[in-house]
Amino acid sequence: MVWPLDLAILTLVVIVGIGAITVKDLLGAAILFGAYSFMMCLLWSIMGAVDVAFTEASVGAGVSTVFFVAAVFRTSRRTKD
Amino acid sequence: MKTIGLIIAVLTGALLIYATADFPAWGDPHSPASLHVSPYYIEKTIEETAVPNIVTSVLADYRGYDTMYETTVIFSAGVACFLLLRTFRRKEPEERLYRHVLTGVTIHAKRGKLPPSGDFERIDTAWTPPDLIIKTMCRLLIPFIQLFALYVIAHGHHSPGGGFQGGVMLGASVILLAISQDLRTAVRRLGEKVDALLCAAGVFIYAGTGALCLLLGLNFLDYSALVRVLPCDPIMARSHGIFIVEIGVGIAVMATMIWIYCNVSSSGEYDEGL
Amino acid sequence: MGDLIQAIVAKYNYWIYITLMMIGLYAMIAKNNLVKKIVGMNIFQTAIILFYVSTGVKRGGTLPIIEHGHGGHSHVIHAADYINPLPHVLMLTAIVVSVATLGVALALAIRIYNRYNTLEEDEILAQIREE
Amino acid sequence: MSQHYPALIVIVPLLAAFIISVAGWINKKLCFPIAVAAVTVSTGSSIGLLFRVMNEGVVHYRLGGWLPPWGIAYYVDQLNALVLCVVTVAALLNLIAAKKSIEQEFPERIGPFYTLYVLFVTGMVGITVTGDAFNLYVLLEIASITGYALIAMGDKDRAPLASLNYLYMGTIGACFYLLGVGYLYIATGSLNMVDIARILPDLYQSKAVLGAFIICMVGVWIKMAFFPLHGWLPNAYTFAPSASSSLIAPLMTKVMIYVMIRLILTVFTPKFAFATLAISDSIVWLACIAIVMGAIFALAQRDLKKMLTYIIVAEVGYMVGGAWLGNRAGMTGAILHIMNDALMTLCAFLVVGNIVYKVKGYAFDNLKGLFAKMPFTMGAFVIAALSFIGVPPTCGFFSKWYLISGAIQAGHYGFMVALIFSSLVNVVLFFRIIEIGYYEPFSDHHGHDHPAEPMAEAPLTMLVPLYIVAAGLILVGLYTGNIVNHIIRFVIPGSFV
């Protein structure tokens, strides 16, 4: 358990999470969501949940982000909020 | 709406924080969660299933029934995306673009299509010339990604990983192909119909293994019944049963991820994607 | 000093997960853009997964993979040495459920966009009212 | 095979779903027979299971052969068995009735549609039969995801948005339930319902358990569309294709009410829910508001399907209120009403399906002259209407009777007044429809009145299931005493008076 790393990532996760829902560009939101997932994955590997971290790295940071980008590509990047 | 949302979120948060007051301390080895059910798994996994990775043994055996439905959730999401997006009465595109491979001249075909030949290749309307570096890198990477994915599926008994992670990576390798080249290239390698069949077949392997146990006389998903068809003792039969269902999960997850990606990235037209 | 830090770490973890949940919930209720709501939904689900994984942590425990050599039945296994694996198993399921929900939600959003040519909820409702 | 009934109920539709999805690529005609066969086996198993439970008491089934609480186990008592029968029978009848309308509405998508239909049934029966709190969540997600897709296939313009809103709310609901299970897990260390109930009595004062209870309840309320959280329901059910709305409307809310009762009776135990918490009174008041508001919104609607959806919102109020009255009569009424309301809603939505099949619309204007045009369909509609109003001998009367006597026994006169008010509003609502259908002549779009519209009744495959359900409404009403004495009586714990 490396607690300073844990605290730092926990704080970053919140910042990226707020960023993902406030940024006024859907492609940006998708990429920030990928970063958010990746930090979650780091957090879980610190906590010892290696299988969950592995799944989140491949599903959350990988495929989910690709789905988001694909959907944004098919629709529009524009957002009012 | 914004204030309502804020109020609801804050109320929920307050309730949750209030309820955490009685939680056991974080990481406490004497919390009920660490003492009641889970020690059994840790102590018995080698003895009863011969699988050192406890997460795999709990996932695919002790709570294998949950995992079967988890795979079914993925399957139903795949079918749902197909049902929602796939267009059957396709409208013929206004014009198709063909590019002469040698000279790079683009031809606009207003109606119909060019006969397939080596001289012309079909390109997307929003086409940019393929980046040589990306194309080559992906071509080099994809076989290794797939090899690693197979390793992850096969080695799930002893190390982190298993059917889901491996399946997602296999799917991601095909998605990478679709991104680095174009959707048509990926679909040529793995057609829609094959994809849909693999998707159903993967989950069927899982549920069918369970049903086989039922037919062999024990309860649903009790892999020790497989001892009558596999040449081994009941404990190794559990281990092999876990391996079989992990393969099923891998196939189903791979096929579904590709299926969802193809439908979402081309709005169900399977023509030009991301 | 060590105890104090441990106490802060303990509380901090729960606070963060509740904060993330509130962010997600707020985005799902208050945001106007359909895809933004989906992003919020995923943040919400991930926060719950974070909570579950936190319940599995055990001080002094190691990864939930039993050490084994060839003929590894010789040593006794102590449950206190390994992290609780059950929440991990549950959360694998939850992650997969969240990606499945994401796929269906995006498919629906694309269908809505194809019909109304916008992803903003108020613009869609205005178009419905005009008809 | 009879010891495997609990597994067969769920497994057969599940396996059939994969076969159907493959068959859809080979020959579309194969899909329907496979689906019917699978749901029939499921129905047969659930009826067999009901008889077994009535003879032997609680039936256990261990999946994977593992002992609970380490493995997942099924506990089937009279409550599960009854709800299972209702779910499978309703799904089977609707499957047969919906064949024509599925072929009419989306001929190219038959394969995936039947796949999702059967998976939805799997999810519903899986929720009902399981004895594991987390397993319930996974099956809830299967039912939800298939439900979103089935709903979004309806009206091209409105259905996808309605379905997406349902998806947002449904995800919040399911996640709240998951969070509640997590709080229970951290307090007790177990996921098995019976095991949790065994550990909980020492923890009744714990804030974590209180939090778990509230979050679970809110989650389940969102899924069942209890009044302030009902926003997603009317649009989702109105714009769904008739094949899916007549599947989802009778089953989803009712099964969620079953989950609520299961949580109260088995997991948290009535002692905690009624004695320790003492919030039952305010929840019954909330149910009263739900009933009154549902009835008022229903009055404001101008089309049949939307009116029915608001009636569902009011009926949810009946059942939540009855369950939270905390006495024997109220709980009996709530459980009986799960069955009765599923049948009534199924009957009403099948009628809507027939009307849509023939008239292509369900606004009040489309209903003019329907008694002449579709006399058999409207005959069944009258039976459903009488049951909604609560006229004996239809089953609606008897459950309402139990609910009202429960309200009087608990001294909760507000709930009684709300029930009577809603019955009166139902009289107005349904007689308005019957008046439009019977007295107002059919008029086409040019405003010409046609005095005698030729009869154009829905096909027999739609009428026969409809009449089975309509006969069921009366038969269940006539045999209410037997159902209560032989099945429901055993569900209610002895502490209830």
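**Salt bridges overall**

I searched the whole structure and found 18 salt bridges over all chains, counting a side-chain nitrogen of Lys or Arg within 4 Å of a carboxyl oxygen of Asp or Glu. I then looked up one of them, in which the side chains of K80(A) and E123(C) meet at 3.5 Å, N to O. This pair joins two chains, because K80(A) lies in the segment after α3 of chain A and E123(C) in helix α4 (residues 121–130) of chain C. Helices (H or I, at least four residues) and strands (E, at least two) are DSSP runs, numbered from the N terminus.

A note to myself on the basis: this is a predicted model, where local features need pLDDT of at least 70 and side-chain atom pairs count only at pLDDT 80 or more, while totals for chains, interfaces and linings use all residues. Residues are numbered from 1 along each chain as its sequence is written, chains are lettered from A and ligands numbered from 1 in the order in which they are written, and side-chain values use heavy atoms, with hydrogens and water left out.

**Chain D against chain B**

Next I turned to chains D and B. I found 63 residues of chain D in contact with 58 residues of chain B, where contact means heavy atoms within 4.5 Å. The area buried between them is about 5,300 Å², and carbon and sulfur atoms give 74% of that; buried area is the accessible area (1.4 Å probe) that two parts lose on being put together, summed over both. On the chain D side, W25(D), W66(D) and W70(D) lose the most area to chain B, together 17% of what that side buries.

How many salt bridges cross between chain D and chain B? I found 1: the side chains of D132(D) and R63(B) meet at 2.8 Å, N to O. I also counted 13 residue pairs in polar contact, both at pLDDT 80 or more. A polar contact is a pair of N or O atoms within 3.5 Å; within protein, one must be able to donate a hydrogen and the other to accept it, and residues adjacent in sequence count only if both atoms are side-chain atoms.

I asked which element gives the largest share of the side of chain D that touches chain B. The answer is α1(D), with 10 residues. By class, I noted 41 nonpolar, 15 polar and 7 charged residues on that side. Here Ala, Val, Leu, Ile, Met, Phe, Trp, Tyr, Cys and Pro count as nonpolar, Asp, Glu, Lys and Arg as charged, and the others, Gly among them, as polar.

**Chain B against chain C**

I then looked up chain B with chain C, where 51 residues of chain B are in contact with 48 residues of chain C. Between them they bury about 4,600 Å², 77% of it on carbon and sulfur atoms. W26(B), I42(B) and L84(B) supply 18% of the area that chain B buries against chain C, more than any other three residues.

My search for salt bridges here gave 0, but I did find 6 residue pairs in polar contact, both at pLDDT 80 or more. α1(B) supplies the largest share of the side of chain B that touches chain C, 11 residues. That side divides into 34 nonpolar, 13 polar and 4 charged residues.
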